[in-house]
Amino acid sequence: MLGVAAWVKRDTGHGTRDAGTVVDARIVLGGVASYPQEVPEAGAVLKGQPLTDETIAAAAEAAFKPSKPMDNTDSN
């Protein structure tokens, strides 16, 4: 079992060039250690970028690398 939490703060400047740009982001994985693990590299991929399919895919790729679930979870 793997859990993923994402928190994204976007620029709300109405009508400005930066409106919609990601100001801050945190991606946290659950089930990969004994406590939730933040993946700073995944959040960093989003910062300063518009939230598009491409940037979301890049963040997912960064989060995939450390996302090896613990093998002691019984899901039967």
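Trainee: On what basis are residues numbered and local features reported?

Mentor: Residues are numbered from 1 along each chain as its sequence is written. As this is a predicted model, local features need pLDDT of at least 70 and side-chain atom pairs count only at pLDDT 80 or more, while totals for chains, interfaces and linings use all residues, and side-chain values use heavy atoms, with hydrogens and water left out.

Trainee: Which pattern does the secondary structure of the protein chain follow along the sequence?

Mentor: Helices (H or I, at least four residues) and strands (E, at least two) are DSSP runs, numbered from the N terminus. The protein chain has two helices and three strands. Read along the sequence, the pattern is β-β-β-α-α.

Trainee: How do the strands pair, and which residue is the bridge partner of Val28 in S3?

Mentor: Two strands pair if DSSP finds at least two bridges between them. S1 and S2 are antiparallel over eight bridges, and S2 also pairs with strand S3 (residues 37–38) in the antiparallel sense, over two bridges. In S3, the bridge partner of Val28 is Glu38.

Trainee: In the hairpin of S2 and S3, which residue takes a positive phi?

Mentor: Six residues lie between the two strands of this hairpin. The residue with a positive phi, near 90°, is Gly31.

Trainee: Is Thr55 buried or exposed?

Mentor: Thr55 is found in helix H2 (residues 53–64). Leaving aside neighbours within four places in sequence, Thr55 is in contact (heavy atoms within 4.5 Å) with Val45, Leu46, Gln49 and Pro50. Buried means under 20% relative accessible area, exposed over 50%, and partly exposed in between (1.4 Å probe, protein chains only). Because its relative accessible area is 11%, Thr55 is buried.

Trainee: Where is Thr21 placed, and what is its relative accessibility?

Mentor: Thr21 lies in the loop between strand S1 (3–10) and S2. Thr21 counts as buried because its relative accessibility is 15%.

Trainee: Which residue forms a salt bridge with Lys47?

Mentor: A salt bridge is a side-chain nitrogen of Lys or Arg within 4 Å of a carboxyl oxygen of Asp or Glu. For Lys47, the closest N and O atoms of the pair are 3.3 Å apart. The pair links distant parts of the chain, 23 residues apart, with Lys47 in the loop between H1 and H2 and its partner in strand S2. That partner is Asp24.

Trainee: What is the N to O distance in the salt bridge of Arg26 and Glu38?

Mentor: Side chains of opposite charge can pair when their charged atoms come close. Arg26 is partly exposed at a relative accessible area of 42%, and Glu38 is partly exposed at 37%. Their side chains meet in a salt bridge with an N to O distance of 3.1 Å.
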